Amino acid sequence: MIKLLVADSHPIIRKGIELIFVASQNIRVVGGVSNGEAIFDFLRHHQADVILCEVDLPKLNGITALRRLSKEYPDINVLIFTAQPEEIYALNTIKAGASGYLSKMANIITLKEAITKVSQGETYLSPNLTEQLSYRRKINRRSGSYYKKLSTREIEVLKLLSVGKKNKEIAQELEINEKTVSTYKSRLMKKLDVNNIVDLVNRAKLMNV
């Protein structure tokens, strides 16, 4: 039996996932939490095999939570379950320690298959994303990879900047110093070809970050 922990800020999502698996013979929802910090509170007292986790979590965002989970609970597999665009977040969450990435537009059968797959230590990516990645690799080989890729940490900083967080707040949430945040901002401006924070935030919105 796969013990599943659901981490999502929306109570309807948490309850819906619980109801989906209430009669399942191989997947059991053992808990639901509404923020990133609560994941670790839960795991201190309960066991889980797989965490179904949203990227956008209060208190501790999904990518930061992934890094901590990789260090503190390496035996627990995490499946990112989100409405955020695959092309921006999928690879970065996998790099941060996720075992899979699934859109909330997926059907129930696909959700069950993805949970089962990551519970077995495999990586789950949608067929669409796998195809896109294959196509991009071909294009990048031909074009010399014109577009520079953002690192996982740069994506985190950009996301927090796009919702109006100040350097100090970003530093506290990501557990880095303010000078480092400024360095990431400079890198982001260079990679995204903008000259000020307003344009940087606008570019983030265009990317659906």
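A salt bridge is a side-chain nitrogen of Lys or Arg within 4 Å of a carboxyl oxygen of Asp or Glu. The structure is a predicted model, in which local features need pLDDT of at least 70, side-chain atom pairs count only at pLDDT 80 or more, and totals for chains, interfaces and linings use all residues. Residues are numbered from 1 along each chain as its sequence is written, and side-chain values use heavy atoms, with hydrogens and water left out.

A search of the whole structure finds 11 salt bridges. One of them joins D41 to R44, with N and O 2.2 Å apart.

K104 forms a salt bridge with D8, and the closest N and O atoms are 2.7 Å apart. This pair links distant parts of the chain, 96 residues apart. K104 sits in the loop between β5 (100-103) and α5 (108-119), whereas D8 sits in the loop between β1 (2-7) and α1 (11-20). Helices (H or I, at least four residues) and strands (E, at least two) are DSSP runs, numbered from the N terminus. D8 is buried at 2% relative accessibility. K104 is partly exposed at 22%.

K104 also forms a salt bridge with E54, with 2.8 Å between the closest N and O atoms. E54 lies in the loop between β3 (50-53) and α3 (62-72), so this pair ties together parts 50 residues apart in sequence. E54 is buried, with a relative accessible area of 7%.

Note on methods:
Buried < 20%, exposed > 50% of the residue type's maximum accessible area, 1.4 Å probe, protein only.
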